[in-house]
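Student: Could you show me how to read helices and charged pairs in a model like this? I'd like the general idea before the case itself.

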Amino acid sequence: MKNTSKNSIHFGHLLEINLAMLFVSTSGPLARYVQLPAMVIICVRAIIACFLLYFYCRYKKVSFYVAVKDRIPLVISGLFLCIHWVTYFYSLHLSNVAIGMLSLFTYPVITAFLEPFVLKTKFEKMHLLLAFLVLLGIFYLAPNFDLESNYTKAIGLGLLSAFIYALRNLLLKKSVASYNGSSLMFYQVAIAGFVLLPTLFFTDVSLVIEQWMPLLALALLTTAIGHTLFLNSFKNFSITSASILGSVQPIYGIILGVLFLHEVPTWRTIIGGGLILSSVVVESIRSMKK
């Protein structure tokens with residue numbers, strides 16, 4: 001009976017992280033859909049998400065207090081999130097939903113190698129195999145490695161975005177246990193919006209207003225809900241486990257891309273996605289047994 005209860009709780013945690021990935025995966029199709037410069041999209045998205053999270057935290061009476069020792073790491077993580085978004089969106093603009101999202105998902109590989117050094121956790125050899133599956137999936141993703149190709153540039157930006165994202169997640173791991181995920185995301189999107197605010201002075205505001213619906217969806221679904229749920233999942237899984245479980249995100253994103261943008265993936269993309277999804281299934285079973 002006790003084991004059944006534990007399994008039910010763990011299943012709930014797995015369901016939560018999958019729901020988070022479904023919401024976060026909307027970033028790919030929406031970023032491709034909105035016809036604005038990447039930094040403008042991110043700035044508007046961050047500002048709207050900032051207000052949404054502020055009012056949500058007020059409604060739920062969530063504290064905005066951050067201890068002095070955690071303020072510098074929080075600011076750095078906000079800057080990392082900003083860089084991650086910018087490089088990721090440029091990757092999407094140079095390629096398509098499949099290549100942009102799947103190239104980003106080398107970050108579980110990077111996280112698996114960084115976590116033991118940054119957080120002093122035990123290195124698990126199984127994560128090497130799972131990370132290899134994700135990496136093999138990326139190999140099938142790339143049609144060629146011509147440096148002049150936009151696809152190659154997109155993969156390069158995706159890798160940079162993945163590295164920054166891994167660092168940001170590791171930096172926040174210790175803070176998640178002490179603070180509410182919504183308040184942490186509030187500060188991070190506020191920092192990202194502030195850094196990119198000057199881009200709005202060089203943009204036709206009427207173009208932003210015309211596309212307010214997809215921008216609102218990016219802020220609400222992808223950022224306010226999706227990223228907050230994913231941040232909260234750090235309480236239930238190690239960063240590496242959460243990263244590998246989160247590898248289902250590009251699968252959701254590709255499906256959304258097919259449905260709404262008619263970007264049908266090639267057979268190589270399907271194989272790559274299958275390899276990534278297999279790592280998610282294996283890690284789900286392993287984490288449940290623990």
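Tutor: Let's start with packing, bearing in mind that this is a predicted model. The buried residues of H3 pack against H2, H4, H9, H10 and H11.

Student: Which residues of H3 are buried?

Tutor: First the general idea: an α-helix has 3.6 residues a turn, so residues three or four places apart point the same way. In H3, the buried residues include Ala46, Ala49, Cys50, Leu53 and Cys57.

Student: What span should H3 have, and how far apart are its end C-alpha atoms?

Tutor: At 1.5 Å a residue, the 22 residues of H3 (38–59) should span 32 Å. The end C-alpha atoms of H3 are 31 Å apart, which agrees. After H3 comes lysine 61, with a positive phi near 55 degrees.

Student: Now the charged pairs. How many salt bridges does the structure hold?

Tutor: Side chains of opposite charge can pair when their charged atoms come close. Here, the structure holds two salt bridges. One joins the side chains of arginine 32 and glutamate 263, at 2.8 Å from N to O. Arginine 32 lies in helix H2 and glutamate 263 in the loop between H13 and H14, so this pair ties together parts that are 231 residues apart in sequence.

Student: And the other one: where do lysine 69 and aspartate 70 meet?

Tutor: They meet through their side chains, at 3.3 Å from N to O. Aspartate 70 counts as buried at 12% relative accessibility, whereas lysine 69 counts as exposed at 65%.

Student: What about arginine 32?

Tutor: Arginine 32 has 25% relative accessibility, so it counts as partly exposed.

Definitions and conventions: Residues are numbered from 1 along each chain as its sequence is written. This is a predicted model: local features need pLDDT of at least 70, side-chain atom pairs count only at pLDDT 80 or more; totals for chains, interfaces and linings use all residues. Side-chain values use heavy atoms; hydrogens and water are left out. A salt bridge is a side-chain nitrogen of Lys or Arg within 4 Å of a carboxyl oxygen of Asp or Glu. Helices (H or I, at least four residues) and strands (E, at least two) are DSSP runs, numbered from the N terminus. Buried means under 20% relative accessible area, exposed over 50%, partly exposed in between (1.4 Å probe, protein chains only). The expected span of a helix is 1.5 Å times one less than its number of residues. Contact means heavy atoms within 4.5 Å.
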